Amino acid sequence: MDALQKLMFNFFPLLFLFPLAGLLLNVANGRFWHKPIAGIIASSAAGLSFVVAILQWVALLRQPDGTVIILGTWLQVGTLNVPFAFQVDTLSVTMMLVVTGIGTLIHLYAIGYMYGDPGVTRFFVYLNLFLVAMLLLVSAANYPLLFVGWEGVGLCSYLLIGFWFDRGEGGTGNANAGRKAFVVNRVGDLGLILAMGLLFWQLGTLTFDDVFAQATAVFPVGSPLIVAITLLLLLGAAGKSAQIPLFIWLPDAMAGPTPVSALIHAATMVTAGIYLIARSHVLFALAPVSQTAVSLIGASTALLAATIATAQFDIKRVLAYSTISQLGFMVAAIGMGAYVAGIFHLITHAFFKALLFLAAGSVIHGLEHGGHSDPVTLQDMGQMGGLRQRMPITFAVYLVGALALAGIPPLAGFFSKDEILAAAWQANRAVYIMLTLAAFATAFYMGRQVWLVFMGEARSETAVSAHESPPIMTIPLLILAALAIVGGGLNLPGVHTLGHWLGHTLGHGELLSFNATVALTATLLALLAVGLAYWLYGRHPLGAAATDPLTQRLGPLFVLFNQGWWVNEMVEWGIKRPFCHLSTVLAHSDEAIFAWAERQLVHTVQRGTAVLRRTQTGQLNWNVAGIIVGLLLIWLLLRFS
Amino acid sequence: MGLLTIVTFLPLLGIIWILLQDKEKDDERVKRIALGTSIVTFIATIVVLALYDKSEAGLQLVDRVSWIPAWGIEYHMGVDGLSILHILLTSFISMLAIASSFPIIKQQVKQYYSFLLALEIGMMGVFLAQDLFLFYVFWEFTLVPMYFLIGIWGGKDRVYASIKFFLYTMAGSLLMLLAILYMGITNGTFSLPDLIAGRAAFASAQNLLFVGFAVAFAIKVPVFPFHSWLPDAHTQAPTAGSIILAGVLLKMGTYGFVRFNLPLFPEASAHYAPTIAVLAIIGIIYGAIVSFAQRDVKKLVAYSSISHLGFVMLGIFSLNAQGIQGGILQGINHGISTGALFFIVGIIYEQRHTREISEFGGVWMAMPVYSVLSLIVVLSSMGLPGLNGFVGEFTILLGSIGAASLGPNAWIYTAFATTGVILAAVYLLWMFQRVFMGPLDNPENKKLRDINKGELAIMLAFLLFVFWIGIAPSGYFALMDASVAELVKTVGSAVASLP
């Protein structure tokens, strides 16, 4: 390690300290200063943190094997030793760049989006806290410290979903959504905690480098223990990255302000599960069964969520299900050992999905400030239409994001999705078919969304009075649009920049060669899907009161998709309600049973004393008799013991 | 007279001083004396900490004189890694409990603060006594002031609750007394170190003796199904009473297991470990589920204690370093977090005179500072990493998953226990939502005032340790390392000799 590199690594703690300082400043002074300053402070903190991440990247360019930075001891008890240790390597720095880079853009955007909200300072405190937690998650050098970030981002997600905690259905809808997210995530955390426990007692350490170095020697390939550990890790990942069956929290999470949906519930936090599995790839390589499970869960999530997205009317819910679906692509990829493809798609997805969410936010913002602010109709695509003339910049960038997501070349999404499909083609045909179908559905629902929102004529008063958002919001959109266009250049077929870069951490595996058949099929299918969307929604634009033509064509299937395959209802009736009943019954019986038992005890004692009381006659001969019997008993006891 | 005797009986000086005050005339002065005494006692325990050598496994700062020579009873006080954190917790919680009573207690002020200080003497004695007879005296003594605190200054059903509290604890203690007498008479001494050294003399009866102690402690903890007194005692006790009850009194039970059951009856401990672990896990899950349905905030917190203490018991009976140290620290954490929760409930109860959850909603808008601080405490109670609760919970679960005492299937125990982590989020966030979030639609709640400086100071004192233990727990674990290592050696060989 040369001196310059060492110097740059010295700056590492600033990665956290900037957002930490930002949030403390806002906590301490929030009530004193003019509101927009809170956003400027928080954004500067995020920006400075991005600069630090770039410094780490530059340092790694000189010597890409990375380093571990230890800043002290956290948890030491018995043989367990968990330091505050941080992993700076090509994988973690890639994540840092995505988190702080996209994070900064979204902070800036939020200054405009949240302008005038009375809780804006609180909002930016949460947002900075999220950066701290997320950076901890991606740079921790051991599992427990990763878990601190892991739950920390979960907390921020909870707080930000419930940011407007007095709104939503019945005044508690938003608060319910936040709580749901946290609880479902905790189900996944159970897996992570147990996996850590098992790892610790097998290997005596929870530090990444040591765990991975020893695992190969300790666990035979496919041994039950390593399968259990990796499946538990998968459970954790499924919670955070919204995979079957734990995805139900993410659509509800859209109750949060739109910048939150973009940052936390699309670009960064929800990718933590993918990061966790990629980071633990050495363990997964020892458990082929778990790998298959990972890719099957990923692929089926991708397909299931894509079908649901085709039948939604809320502009953000479409994107939410789309996010679940795309996370499924990534999970499927890393399950097949295509780590680079998975991370590549993670990055490009962060670009175009953040873009889509922010642009959707711009649409909502444009409608809201047109003077109509009924929150239900604001996000209803049935009430939109014709926005391309009124919001030209938003329309342009939305189109870019949609095409990128649909996988149309040469936009970013095409390259990353194609790598995943090519890997699936080689590894597992079932996964390939599911992912291809999902990709087809993706292109279709994005086409449907673009026509419903931007094309045709305005279908409501609100849509007529919409206007373009201010530059503080559109400039981040333009930057993200640029990234969504050129992002594919990160890992072009044959060049594999990202592949070589991540190889320093994930191992230099065989680099996938470009598969022309797969690429051509995918592109043709995507074009076909867009054509289908045009045929349904473009030829005859929807009228003001018209129903979605898809309702008729799909029939009962449409209801199934629209209702999200009734997964929520299954959880409601299968888990939630029985639990509430059980709780009420137990709470009641807890008091009743013990009160009864106590009463019985008191009665017995009372009856007993009534009998005894009769012996207390006060007559001398009874007393003498008692003494004699007692003496006899003592004598007998002494005699025979 | 050694330092530990001074620490224990310092509050007595405060009591005498308070009783010398003019009758009912100078309540303010009484408060100042009580708080002053508790602060001095807290400082005295800090001095103990400063003199304490953490590399030493055995008893330190020992005070030992003969008391009733004919029976081998001694006045024997000492501190080690098992008790050092407990005495710090005692003086800390007592201090905050006294301070929190200032705006609340307006009647019979002299008696009230005298009882609180008397309680502190008893608790301190319990954690420091190293003679079984002396321990028993302190143990029973704590009942008296608590009985009056609930019975005089409590809520509507205070008499019922206080008698129930008294009878439950008393009943449990009788078996313990028999066990103590048996051992003392067999060995001719009541001194704990001597009894541990000579435990061969009563090894054959150790299963019975273990149960004798275990019932007394299990009622105090409380371990399922001995918990029925706790919700009543908590709902009826005044705020300070609940803070001390949850903060310290319950820890006397868990401490008793570590101090007496483990070293005196190691084979019996290993033998009963799976049974107790099962009861602990039932407590974790049952307490959490019952907690979810409560309508009274205080009762909800009371049932959550049963769940939390289940984790502590599971840790202790993992019988390894992680489990025991995690268990002890989690006991301390529970004292801080749940003490703070009861304090939080007290603040809002004083303003609204109700604890019905349905009466609240949207409190965040009326009391933003109070709500944020409450959120942190709730998160600490839920075991959010970075705060104190996680450190204990994680260490306990880690200990139990590798516990030889629970056999090769220890991970199954742990898997069940870990569901408590999910359930904690379920009932605590549900409570938090119904009180603090949602619309502020009850007109009564619009008049709520945010916390004042005094309340803020007490909250910050709690929060200091919430963060400190969460971020830098190693210093706390280091205090116990040597003593627990010694203990684990004893019980470890007993576990290894299990069939």
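## Exercises on a two-chain model

Across the interface of chain A and chain B, the rule finds two salt bridges. The model is predicted. Work through the tasks below in order.

**Exercise 1. Check the pair E591(A) and K299(B) against the salt-bridge rule.**

Step 1. Take the cut-off: a side-chain nitrogen of Lys or Arg must lie within 4 Å of a carboxyl oxygen of Asp or Glu.
Step 2. Read the distance: 3.1 Å, N to O.
Step 3. Conclude: the side chains of E591(A) and K299(B) meet in a salt bridge.

**Exercise 2. Describe the contact of chain A and chain B, then the side that chain A gives to it.**

Step 1. Count residues. Chain A supplies 51 residues and chain B supplies 62 residues.
Step 2. Give the area. The two chains bury about 4,700 Å² between them. Carbon and sulfur atoms carry 73% of it.
Step 3. Name the residues of chain A that lose the most area to chain B. They are F165(A), R186(A) and W201(A), together 14% of what that side buries.
Step 4. Count polar contacts. Across the interface, 20 residue pairs are in polar contact, both residues at pLDDT 80 or more.
Step 5. Find the elements. Those giving two or more residues to the side of chain A that touches chain B include β1 (67–77), β2 (80–88) and α28 (567–615) of chain A.
Step 6. Pick out the largest share. It comes from α7(A), with 15 residues.
Step 7. Sort this side of chain A by type. It holds 31 nonpolar, eleven polar and nine charged residues.

**Exercise 3. Find the largest nonpolar core and look around one of its residues.**

Step 1. Give its size: 431 residues.
Step 2. List the residues with the most contacts inside it. They are Y143(A), Y398(A), L435(A), L132(B), F213(B) and F317(B).
Step 3. Locate the largest share of this core. Helix α16 (residues 339–368) of chain A gives 20 residues.

**Exercise 4. Is P11(B) buried or exposed?**

Step 1. P11(B) is found in helix α1 (residues 3–19) of chain B.
Step 2. Recall the cut-off: buried means under 20% relative accessible area.
Step 3. Apply it. P11(B) has a relative accessible area of 0%, so P11(B) is buried.
Step 4. List the contacts beyond four places in sequence. P11(B) is in contact with T37(B), T41(B), L117(B), E120(B) and I121(B).
Step 5. Compare sequence with space. P11(B) and E120(B) are 109 residues apart in sequence, but 7.1 Å apart in space, C-alpha to C-alpha.

Definitions and conventions: Residues numbered from 1 in each chain as written. Chains lettered and ligands numbered in written order. Predicted model: local features only at pLDDT ≥ 70, side-chain atom pairs only at ≥ 80, totals over all residues. Heavy atoms only, no water. Contact = heavy atoms within 4.5 Å. Buried area = accessible area lost by both parts, 1.4 Å probe. Polar contact = N/O pair within 3.5 Å; in protein donor to acceptor, adjacent residues only side chain to side chain. Helix = DSSP H or I, 4+ residues; strand = E, 2+ residues; numbered from the N terminus. Nonpolar A, V, L, I, M, F, W, Y, C, P; charged D, E, K, R; others polar. Core = buried A, V, L, I, M, F, W, Y, C linked by side-chain atoms within 4.5 Å. Buried < 20%, exposed > 50% of the residue type's maximum accessible area, 1.4 Å probe, protein only.
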